[in-house]
Amino acid sequence: MVSISVLWREAWLKPLSIYDIGTKVCKFCNRKLRNQDFVTSCEFCEIGIMHDNCANEHILNKHKAGIRKKIELHKDKPLHDFQ
Ligand SMILES: [Zn+2]
Ligand SMILES: [Zn+2]
């Protein structure tokens, strides 16, 4: 059987102005951030603020090993907080 893992992101939203985050563009696609775009940062490197979906792509492309490590790390731990 193939085991399927999903990657949990924090569910809360934190409104920030582009002055707070110090950039007007997404560091992945270089497009201008628009009002109420979903953004996040990479937990594996210091690339900076990206669109949420750009970050998914970035992390899947650049940090496969990091994800695998994370999955291994949590393999045998049930998610107590969410049960
Ligand atoms: Zn982007
Ligand atoms: Zn990264």
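Modeller: A residue is called buried if 20 or more other C-beta atoms lie within 10 Å of its own, exposed if 12 or fewer, and partly exposed in between, with C-beta atoms placed from the backbone. This is a predicted model, in which local features need pLDDT of at least 70 and side-chain atom pairs count only at pLDDT 80 or more, while totals for chains, interfaces and linings use all residues. Residues are numbered from 1 along each chain as its sequence is written, and chains are lettered from A and ligands numbered from 1 in the order in which they are written.

Helices (H or I, at least four residues) and strands (E, at least two) are DSSP runs, numbered from the N terminus. In α2 (52-62), the buried residues are C54, A55, H58 and I59. They lie on the same side of α2 because they cover an arc of only 130 degrees around the axis, the arc being that of the directions from the helix axis to the C-beta atoms. L60 and N61, on the other side of α2, are exposed.

The buried residues of α2 pack against β1, β2 and α3 (64-74), where contact requires C-beta atoms, placed from the backbone, within 7 Å. I49 touches V39 and S41, among others.

C26, F28, V39, I49, M50, C54, A55 and I59 form the largest nonpolar core, a set of buried Ala, Val, Leu, Ile, Met, Phe, Trp, Tyr and Cys residues joined through C-beta atoms within 7 Å. Both β2 (49-51) and α2 give two or more residues to this core, and α2 supplies the largest share, three residues.

Technical notes:
Two residues are in contact if their C-beta atoms, placed from the backbone, lie within 7 Å. Lists of a residue's contacts leave out its neighbours within four places in sequence.
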